[in-house]
Amino acid sequence: MVAAVTKPSQDRMRSIGFLYPMFYFKNIRELTCLFVTACILMSQSLADDQDFLEEFLKREYSLAKPYRGLGFSSSSQWDLMGTAMVTPDHVRLTPDLQSRQGAVWSRIPFFLRDWELKVHFKIHGQGKKNLNGDGLAIWLTRDRMQNGPVFGNMNQFIGLGIFVDTYPNADKTHDRTFPYISVMLGNGTLSYNHDHDGRTTELGGCTAMARNAIYDTFLLVRLSKNRLTLVVDVDGKQEWKHCADVTGVRLPPGYFFGASSATGDLSDNHDIISMKLYQLTVERTPEEEEEEEITVPRVDNMEQFRVEVEEEGMSGVQFFFTLLFSILGLGVLAVVGLMVYGRWKENRRKRFY
Ligand SMILES: *[C@@H]1O[C@H](CO)[C@@H](O)[C@H](O)[C@H]1NC(C)=O
Ligand SMILES: [Ca+2]
């Protein structure tokens with residue numbers, strides 16, 4: 001899908017360095033500067049075109065048609081749970097009925113460092129828009145086969161959760177359009193809050209009109225060099241659209257892939273058609289190679305998310321207008337004050353003469 005897109009340009013850069021070693025070393029600062037600028041300019045497209053040399057489908061972590069023996073055969077690599085059931089065309093996590101929970105979980109712990117997971121899913125039902133729910137989740141977590149309130153999985157989970165949230169629980173006047181896809185990294189103490197649609201723990205996300213879509217709907221999660229990117233393809237254009245991009249994501253090895261869903265008062269069919277795991281081959285510097293072992297998932301620089309919290313207060317535009325109206329208000333006050341003072345002075349003069 002993305003293999004070797006930037007390889008030619010890389011080779012070109014290497015040959016410049018080789019042919020003009022003096023130029024290369026003398027101007028390393030300028031080059032770095034240029035490179036950083038270029039990176040900033042290109043950061044949007046870089047999310048889609050990282051320098052992967054190769055990618056391999058890993059069947060043992062993938063779920064695809066035909067779902068042979070899935071859920072009951074001892075040779076299957078996946079377990080079913082709750083209302084989840086297999087048909088020739090999909091794994092249905094929940095039917096379009098109230099109060100159901102279903103999940104499918106990989107049996108094999110996962111140890112790859114650079115990977116991407118392409119999920120083909122379908123959410124559809126009878127309910128009118130925003131009278132359907134609740135959505136589905138894709139997991140890479142320490143625990144598997146748990147029941148709970150987070151789209152059919154436990155809360156205070158440890159690991160990665162991608163939520164396709166189809167019902168706006170928070171104040172309906174909010175600016176956000178649903179379905180909304182978001183990313184959360186659980187560390188065992190963080191709690192997903194349904195009443196706020198997980199806003200307080202969200203690392204990134206986007207609106208994706210993935211329900212009752214006439215097209216096939218996909219999401220792609222990629223974790224490479226601790227950078228997590230999420231892209232979606234839900235409007236039949238066969239192209240990935242940026243959804244979330246989080247750097248400094250650290251996830252311990254040995255976790256399990258899963259998908260889960262839950263319905264409540266509102267419902268939908270939540271189907272997984274496939275989950276395909278690709279191993280990415282990337283080049284690493286020696287420093288990148290020896291990375292400290294971690295035991296709890298975390299995000300290195302949480303500062304990148306503080307911005308979103310600030311947005312809840314006063315935005316730049318709001319601040320500008322507040323300031324503008326304050327100044328205008330003061331001006332009017334001053335004019336009125338001067339007029340009153342003038343009158344008062346005049347009256348005083350009249351009284352004297
Ligand atoms: C989980 O993350 C939160 C917020 O960053 C932090 O306050 C808490 O201490 C973390 N818990 C663990 C077990 O690391
Ligand atoms: Ca919700």
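UniProt positions are given here in the numbering used for this chain, and UniProt annotations may be inferred rather than shown by experiment. With that in mind, let's start with one such record: an unreviewed UniProt entry lists residues 319–341 as a "transmembrane region". In the model, this span is 100% helix and 0% strand, and its end C-alpha atoms lie 32 Å apart.

Keep in mind as you look around that this is a predicted model. How confident is the predictor? The chain averages a pLDDT of 84, and 78% of the residues score at least 70. Some parts call for more caution. Over residues 1–26, pLDDT stays under 50, and the model has 13 contacts there beyond four places in sequence. Residues 43–49 also stay under 50, with 10 such contacts.

Now step back to the whole chain. You can trace 6 helices and 17 strands in it. Of the contacts between residues at least 6 apart in sequence, 71% join residues at least 24 apart.

Next, look inside. Of the chain's 353 residues, 31% are buried. The largest nonpolar core has 66 residues, and V104, A137, I162, I181, L230 and A259 are those with the most contacts inside it. Take V104 as an example: setting aside residues up to four places away in sequence, V104 touches L63, W78, L80, A84, V91, L93, G258, A259 and I272. One of these partners, A259, is itself on the list of residues with the most contacts in the core.

Finally, find ligand 1. Which residues are around ligand 1? They are N187, G188, T189, L190 and V296. By class, this shell has 3 polar and 2 nonpolar residues, and no charged ones.

Methods: Residues are numbered from 1 along each chain as its sequence is written. Chains are lettered from A and ligands numbered from 1 in the order in which they are written. This is a predicted model: local features need pLDDT of at least 70, side-chain atom pairs count only at pLDDT 80 or more; totals for chains, interfaces and linings use all residues. pLDDT is the predictor's confidence in each residue, from 0 to 100. Two residues are in contact if their C-beta atoms, placed from the backbone, lie within 7 Å. Helices (H or I, at least four residues) and strands (E, at least two) are DSSP runs, numbered from the N terminus. A residue is near a molecule or strand if its C-beta atom, placed from the backbone, lies within 6 Å of it. Ala, Val, Leu, Ile, Met, Phe, Trp, Tyr, Cys and Pro count as nonpolar, Asp, Glu, Lys and Arg as charged, and the others, Gly among them, as polar. A nonpolar core is a set of buried Ala, Val, Leu, Ile, Met, Phe, Trp, Tyr and Cys residues joined through C-beta atoms within 7 Å. A residue is buried if 20 or more other C-beta atoms lie within 10 Å of its own, exposed if 12 or fewer, and partly exposed in between; C-beta atoms are placed from the backbone.
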